[in-house]
Structures are given as C-alpha cells and as structure tokens.
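Open the model in a viewer and keep the selection panel at hand. The stops below go from one selection to the next.

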Amino acid sequence: MRRVSALVSVFVLILASLGLVLAGPGSAQPKTELTVALSSFSTEVLDPPLGGHLVKYYLSMMFDYLVGTTPDGQLSREGGLATRWESSPDFKRWTFYLRKGVKFHNGDEVTAEDVKFSIMRNIGKRSTTGYAGPLRTLIADIETPASDRVVIITKEPTLIIPTYLSRSLSTEGMITPKKYIESVGDDVFARKPIGSGPYRFVEQVTGSHIKLAAVDNHWRIGTPKYKTMTFRLVPEEATRIALLRRGEVDVVEVSRDRVKEVEKEGYPIHYRREEAILTMWWILGPDGRVGPSKDKRVREAMNLAIDRAEIAQSIFGGKAEPAAIPLGLSWSFKDVGFKQTPDMLYPYDPARAKKLLADAGLASGFNLDVYAYQLPGLPEGKTMAEAVAGYWEKVGIKTRLIPVDYPAFRKAWFDRSAPGMVGYFNIANRDWIGAYALLEKQAYSASKPSDTVNDAEIDGMLSQVMRQTDREKINTLMRGVYGRLRSEHLGVPVVYLHSPYATSKTLGSWNAGSVMYDLFFDVLASGK
Amino acid sequence: MLRFLVARVLQSLVVLAIISVVVFVLARATGDPLYLILPMSASQEDFDNARRYLGLDRPYVEQYLSFVGRALTGDFGTSLRARRPVGELIGERLPNSLKLAVFAMTVSLAMAFPLGVMAAVKKGTGLDRTAQIVSVLGQSLPTFWVAILLVEFVAGRWQWLPAGGIDGLSSYILPGFTLGWFVVAGLMRLLRSGMLEVLDSEYVKLARLKGVDERRVIWMHALRNALIPVVTFAGIYFAILVTTAIVVETVFAWPGLGRLAYEGISSRDFPVIQAVVLTTAAIVAVVNLGVDCLYALIDPRIRHAR
C-alpha cells in the first residue's frame with residue numbers, strides 16, 4: 001500500500017509542477033542578452049583550423065581576423081587587426097601593419113609573432129579550413145620585422161593574400177595566442193579558446209549551446225549592447241519558431257516555406273539575398289567529359305527544359321530568383337564588372353529543347369541518372385531534383401532519380417565513377433576572390449578531382465588569373481570565364497536562394513551582411 | 001547461482017564483441033567522413049593529410065584492434081567531427097538522457113498504474129474504454145508527430161511550457177511526456193491484462209470471501225502478483241528510453257545520447273557511432289542481465305532450467 005501511495009504522491013508532484021509552470025509567465029529575454037538559434041553548428045570545434053569552413057557565426061565573435069571586412073564583404077581597415085597593408089612591386093611580399101594595444105582575452109598583447117604563428121597553424125597540414133591548401137602552396141615564408149609588422153612572402157606574384165586572410169572567406173586569417181596555445185596545447189585550447197575578439201568564450205555544451213560574454217570596450221564595437229551572446233543548437237524548425245514566440249531567442253533561421261506565417265505574426269524577417277546559387281553539374285569521366293553532355297546542344301537543351309521561375313515560386317516559396325550563369329556567384333559580378341543581362345536568363349522552352357536534342361541525334365532521348373539528396377540550408381534539395389528530373393522527362397530524357405546522401409554524390413563526383421550523372425550544390429555566394437577560388441576548383445581542369453568543367457578556353461583564362469596582378473586584366477579574364485560558362489552551357493544554374501532569418505520584434509535593424517557563413521552579430525552588438 | 005551469473009556475463013560479453021565488429025564494419029560501409037569534414041575546395045593532398053591525421057589511413061584490421069583495445073580501457077578515441085574524446089562527449093550526454101528517461105518513466109508509472117488497475121477493476125465501463133483509447137493512441141501516434149504538436153501548440157502558440165533545451169524542471173515536461181506516453185500505453189495494457197487474470201484467480205476470490213477490504217485486495221494482493229511482467233517491461237523500456245530517444249531529443253533540442261548518435265551518424269563520425277552503439281548495447285545487456293538475475297532470484301526453477 002505504501003508503494004502505491006508513493007506512486008500517487010509522485011503523480012501529484014508532477015501535476016503540481018505542471019500547474020506551477022502553466023501558471024507562470026514565459027521567461028522574458030533580458031535586453032542585455034542576445035540568443036541565436038541555429039539549425040546546425042557544423043563541427044562545434046572552437047579552434048579555427050579545425051572548425052572548418054562553416055562555423056564563422058560564433059568564431060568571428062571570439063577571434064579577430066588579420067584583415068577585417070564590412071558586412072557586405074569589402075576589405076576594411078577598421079574591422080581587422082591590420083590597419084593597412086601593402087605589397088612589393090612584384091606582388092610577392094605583403095606587409096601588414098598591426099593595430100597597437102589589442103589584447104587577447106587573457107591580457108596578453110597581440111603581436112606579429114601571434115599573427116605568424118596563427119597563419120602557419122591555420123594553414124598547417126591538419127587544417128580542415130576552406131583555403132588552407134592553396135595558401136600552404138602559395139606562402140613561402142612569414143617574417144616579423146617588428147612587433148606590429150608582418151611580412152608574408154609568396155612563391156608567386158599574387159593579389160589574393162589580403163582577401164584569403166580576411167573575414168570574407170574562411171578561418172585562415174583568425175588570430176590566436178601563440179604563448180597560450182604553446183603552453184596549454186591544442187586540445188585545451190579547443191575547449192577553452194582565447195581570442196582577441198569582442199566576445200570571450202564562457203561555456204560550450206556540445207549539442208546544446210555556446211555562450212560568449214562581451215569584452216568591455218572592445219576596439220571593434222566599443223561598449224557592447226549585449227553583455228552575453230548565446231548560440232543555441234536547435235535542429236527542429238518548429239522548436240526554433242516556438243522559442244522565438246516565447247521570447248527565449250532573438251534570431252532564428254526559418255525555412256522559406258514558413259516565412260509568411262512567421263511574418264504574419266509580426267516577427268521581422270531579414271534576408272540574406274542570393275546567399276547561395278543552387279547549381280547542377282555533370283560528373284566528368286576519368287579523362288574529361290563523356291556521354292551526351294559532351295554535345296553543347298544537349299547542354300543547352302537541358303537548360304531550356306527547366307522552368308526556373310516555377311521552381312523558384314513553387315518549391316522555394318518565391319524566396320529565390322532564376323539563375324543564368326553556371327557557377328555564377330553573383331556577389332562577385334560587381335567586383336569584376338560582369339553584367340548579367342536579361343537575355344542570359346534561360347527561357348522555359350521545351351519545344352526548342354526537344355529540337356536541340358533531335359539535332360544532336362537524341363530525338364528519342366537518353367538515359368540520365370540524377371542524384372537526389374538534402375543539403376544543409378537546402379531542405380528543398382530532393383524536391384528540386386525531382387522537379388528538374390520531371391522537366392527533363394518532358395523533353396524525352398529518361399531520368400532516374402538516385403536517392404543518396406551528399407557525401408555519396410561527392411565521392412562519385414571526385415572519384416569520377418559515375419560520368420555523366422547529375423548532382424547539385426547550394427554554393428555560398430562570395431566576392432571575386434572567393435569566386436575565383438571556387439572556379440579554380442570546379443572549372444580548372446588541372447584541379448582534379450573536383451573539376452566539373454572541361455574547357456580549354458576557360459582553363460587558359462583561369463591560369464592567367466592566377467599569375468595576373470593587374471586588377472583590370474583580372475576583371476576582364478573573370479568576365480570572360482563567366483561569359484564562356486554561360487555561352488557553352490557548362491552546367492545547369494537553377495536559382496539564387498534568399499535565406500530568411502526571423503528576429504524578435506524588439507531586435508531592431510540588423511544587417512546580416514553578405515559574407516559567407518557569417519552573420520555579423522558583432523555589428524548588431526556594436527555600441528559605436 | 002554463481003555459475004548462472006558467470007554464464008550470463010559471458011553471454012553478454014560475446015554479444016558486445018559481436019556488436020563491436022558489426023558496428024565497426026557498418027559505420028565504415030556508409031562512406032568516407034572526409035567528404036563531410038573537408039570543404040569542397042579540398043585537394044587530394046588535403047584528403048591525404050586529414051586521413052593520416054585522423055588515423056583513417058591505417059588498415060581496417062589495425063583500426064578495429066586499436067578501437068577494441070582502447071575501448072577496453074574506456075577510451076573510445078576522438079570524435080572526427082567535434083575533435084574531442086568520445087568518452088567525454090558520452091559523459092556529457094548520458095546524464096541528460098538518464099535524467100529525461102527517469103522523468104519519463106516516473107510519469108509513465110504514475111499514469112499507467114492508476115489507469116491500468118482501474119481499467120481492470122472497472123472492466124467494460126467508460127473508464128476502461130478511456131484507458132484503452134489512451135493506450136491505443138500512445139502506441140499508434142508517431143512520437144515525432146506528438147513532439148511537433150506539443151512544441152507547436154503547448155510551447156509555441158499557448159506558451160505554457162518551454163520548447164526546447166534543458167532549463168529547470170519545466171523543460172522536462174514536454175519531452176518527458178512525449179517519451180513516456182508510449183510507455184504508459186504498454187505498461188497500462190500489461191497491467192490491465194495481468195490484473196484481469198489475477199482478479200479472477202482462486203486466492204483473490206478466497207481473500208474476498210474472507211472479507212478482506214476490496215481496496216486491499218486490489219492494491220496489495222492482486223497488483224503485487226500482476227507486477228512481474230510490468231517490472232520486466234519497465235526495466236527494458238527504461239534502457240530503451242535512455243538510449244534511443246533520438247527523435248524526442250532532436251525535436252526538443254535535448255543534448256542527450258540519442259542526439260549524439262544522430263549527429264555521429266549524420267557526420268559519419270565513426271568513433272562516436274561505435275561508442276554510442278557499444279554504450280547502448282552495454283546498457284541493454286546490463287539491464288537484461290539484471291532482469292534475468294531477478295527472475296532467477298524470484299523463481300529458482302528458472303536458474304535450474306538454464
């Protein structure tokens with residue numbers, strides 16, 4: 001009988017606690033805290049060289065870059081440790097002049113030695129960052145002639161050094177404390193990271209959250225508006241929106257199809273316009289392009305067969321724009337003076353697509369395997385693949401959807417084990433150097449295994465970009481590459497994706513910027 | 001008894017050894033984790049470096065022996081994704097899962113006992129039918145759907161309870177209820193059928209004839225004897241709640257073992273997958289061992305028969 005009573009007591013207790021909670025109001029968010037709910041933290045590693053290429057949201061709060069950028073991706077003398085930089089006439093020596101009096105969170109001053117140590121560490125062999133490989137190949141030596149001066153010596157003339165070490169790309173330019181890392185080791189540093197950014201590390205609970213606290217009067221943002229900044233990992237969208245409604249978070253990622261509903265409730269929606277280009281490509285064979293896509297008419301037909309406006313509207317809820325240039329990162333267009341004219345947009349013309357296929361001797365179509373998979377930031381991935389395959393079916397191409405996960409596609413792509421098959425990716429938009437870095441990997445034949453474009457003319461232009469130090473000539477070459485990608489139909493650009501973020505009603509204006517994998521919460525927190 | 005115990009422990013160890021091979025092979029059969037870890041721009045050299053650094057360039061047999069050898073000392077290696085010792089990650093997540101499972105099981109027991117017993121006692125009445133409906137719904141409604149509905153309405157629209165994360169007792173209610181409902185259904189049905197059988201037995205009739213108070217007959221004499229299958233079910237389900245609450249932990253942003261498994265699988269983090277599966281298997285094996293021993297203690301015929 002006693003056991004039964006105990007059970008009843010437990011039940012009553014639970015009901016009582018439920019009642020207490022139901023009676024209480026939802027916890028109000030103090031204005032001095034900023035809480036951001038994200039669907040993924042990527043690797044959750046807090047060490048720049050290991051944090052990889054997708055985690056700048058919180059790392060850029062803790063660490064300063066050698067070269068800063070504005071939220072729209074322009075290199076800035078105000079946003080980084082270097083207040084100015086210059087190259088030698090042969091573009092093989094880059095000198096960076098460091099801001100004086102900047103301190104790490106443990107009180108140590110940031111010196112040229114820290115910068116040298118950080119860069120070497122960030123591009124070292126164990127690094128998994130986006131551009132460690134090219135920088136490792138390019139950098140011959142780093143000199144520190146004074147405590148506030150760093151000279152980077154390259155093996156070849158180059159213009160890319162400031163951008164590659166800036167906030168506009170990956171994490172190679174993040175500066176970490178040499179003495180601290182050497183004394184505690186890499187493992188301890190990854191758990192208790194110290195940087196010189198406007199927010200210092202407080203706590204990480206893997207799978208749950210990362211909490212940061214503001215540094216008083218930081219050179220980047222002055223007296224911060226938010227004393228703490230917490231990044232919460234909330235994979236489920238319904239939960240993120242519920243947290244926003246309850247006032248527990250201030251910024252959440254929302255999917256394109258729930259934007260209207262959230263907006264209707266009065267929550268401001270901030271867009272990162274054209275944050276990524278969703279583009280498809282054919283896997284090359286071991287020795288280059290094989291199969292029907294070798295024929296330019298087939299490539300054009302496959303582009304004309306797709307109704308991009310319909311895809312943008314019905315699959316992406318109108319939060320996307322038709323794309324015209326294969327691998328065309330639109331943020332770089334203005335940098336190089338490339339103008340995407342209306343006639344470059346592929347019309348939806350299945351009749352002409354059929355004619356082109358017939359002209360190519362494929363009137364009865366051909367077999368085409370289409371990989372279908374989801375991607376981070378692209379929950380619509382499989383639906384889009386199904387829709388595109390459906391359009392191709394309509395013009396006689398016999399498509400077969402192959403449901404896989406992305407790594408399986410990437411392996412087939414890199415191994416060239418499925419020549420002619422089609423896959424896709426939502427490539428983050430970026431500036432011209434970032435765009436060049438992408439093209440070098442995906443459109444330059446020598447860059448096996450990631451090459452997706454086999455075109456001698458493009459190879460020639462890209463190889464010149466590498467050696468060129470005259471910006472005008474670079475712009476001309478880049479415009480040439482984009483023009484050729486479009487005129488030869490060297491891929492299937494689908495849409496540019498706008499990424500929506502919902503914020504609390506009291507957050508105010510926020511410029512999420514246009515730098516890949518960064519949301520510039522420091523600018524939002526700035527008291528300057 | 002000792003021989004019986006030793007035999008069961010050995011059986012459990014053999015099961016764990018087999019599982020270690022299976023999980024090692026299957027984890028690698030899913031593909032190469034470097035295609036997720038490294039950026040699109042990574043070169044072949046980057047792949048080779050990362051493979052070497054992460055120890056993935058060694059022969060499979062060597063990798064397996066190294067994994068088993070270290071696992072025996074409690075070292076499950078380093079997570080490929082989080083770059084932290086896997087043992088540490090499990091140490092962080094397992095208590096969260098345990099706490100949630102304890103809460104869910106408490107809720108389940110607190111609901112299942114009165115419902116199950118009263119459904120049997122009031123067989124055929126409205127109460128019985130209500131209990132049956134609760135039971136059918138609990139076992140047939142998908143957990144993810146229940147979880148999403150609770151988040152959407154109870155947390156989001158009505159704002160009665162927290163939507164996710166661990167922040168005080170109130171944050172346990174929605175995930176605990178979601179997890180517990182399925183168990184309530186099972187426990188209640190077992191209790192009801194067990195009670196119906198016992199209530200019809202000779203000794204209960206005798207107790208009633210002797211004039212024993214009806215409440216005492218139900219809650220002491222009958223319930224006690226209907227409990228054996230319930231205890232077994234609850235024990236096994238507790239292990240399941242601790243180890244497989246992937247959906248609930250994902251929806252409610254609960255940093256538990258289930259989420260760790262999900263993260264490990266989606267990023268092909270072999271050391272994490274191996275460690276979580278082995279930990280899960282060990283927990284289930286220990287619970288089963290405990291249940292077996294309990295049986296053997298309760299009923300000597302069982303240990304002799306084996």
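Axes here are lines fitted to C-alpha atoms, for helices over the stretch in contact, and angles run from 0 to 180 degrees between N-to-C directions. Helices (H or I, at least four residues) and strands (E, at least two) are DSSP runs, numbered from the N terminus. The model is predicted: local features need pLDDT of at least 70, side-chain atom pairs count only at pLDDT 80 or more, and totals for chains, interfaces and linings use all residues. Residues are numbered from 1 along each chain as its sequence is written, and chains are lettered from A and ligands numbered from 1 in the order in which they are written.

**Stop 1: chain B as a whole**

Select chain B. Its secondary structure comes to 14 helices and 0 strands. The C-alpha atoms of chain B fill a box of roughly 85 × 60 × 30 Å, taken along the principal axes. Of the 306 residues in chain B, 43% are buried; a residue is buried if 20 or more other C-beta atoms lie within 10 Å of its own, exposed if 12 or fewer, and partly exposed in between, with C-beta atoms placed from the backbone. Two residues are in contact if their C-beta atoms, placed from the backbone, lie within 7 Å. Among contacts in chain B between residues at least 6 apart in sequence, 73% join residues at least 24 apart.

**Stop 2: α5(B) and α6(B)**

Select residues 86-121 of chain B, which form helix α5, and then residues 126-140, which form helix α6. The axes of α5(B) and α6(B) come within 8 Å and cross at roughly 135°. Angles under 35 degrees count as roughly parallel, over 145 as roughly antiparallel, 65 to 115 as roughly perpendicular and the rest as oblique. The pair α5(B) and α6(B) is therefore oblique. Their crossing is left-handed, a term used if the near helix is turned anticlockwise from the far one by less than a right angle, with right-handed used if clockwise.

Show side chains where the two helices meet. From α5(B) come B:Leu115, B:Met118 and B:Ala119, and they meet B:Leu127, B:Asp128, B:Ala131 and B:Val134 of α6(B). By class, the residues of this contact are 6 nonpolar, no polar and 1 charged. Ala, Val, Leu, Ile, Met, Phe, Trp, Tyr, Cys and Pro count as nonpolar, Asp, Glu, Lys and Arg as charged, and the others, Gly among them, as polar.

**Stop 3: α5(B) and α10(B)**

The contact of α5(B) with α10(B) has 13 nonpolar residues, 1 polar and no charged.

**Stop 4: the core**

Which residues have the most contacts inside the largest nonpolar core? They are A:Met478, A:Val481, A:Val495 and B:Leu191, in a core of 240 residues. Such a core is a set of buried Ala, Val, Leu, Ile, Met, Phe, Trp, Tyr and Cys residues joined through C-beta atoms within 7 Å. Helix α5(B) gives the most to this core, with 18 residues. Centre on B:Leu191: not counting residues up to four places away in sequence, it touches B:Ala112, B:Phe113, B:Gly116, B:Val117, B:Ala226 and B:Val230.

**Stop 5: where the chains touch**

Show both chains. Their contact takes 48 residues from chain A and 53 residues from chain B. On the side of chain A that touches chain B, α1(A) gives the most, with 9 residues. That side has 25 nonpolar, 13 polar and 10 charged residues.

**Stop 6: α9(A)**

Select residues 237-245 of chain A, helix α9. Of its 9 residues, 9 are buried. Their cover includes β1, β11, α10 and β17 of chain A together with α7 and α11 of chain B. Just after α9(A), A:Gly247 takes a positive phi of about 75°.

**Stop 7: two loop residues**

Go to A:Leu327, in the loop between β13 and α13 of chain A. Its phi is positive, about 60°, although A:Leu327 is not a glycine. A:Leu327 is buried, with 24 other C-beta atoms within 10 Å. Finish at A:Phe520, in the loop between β17 and α20 of chain A. A:Phe520 is not a glycine either, and has a positive phi of about 55°.
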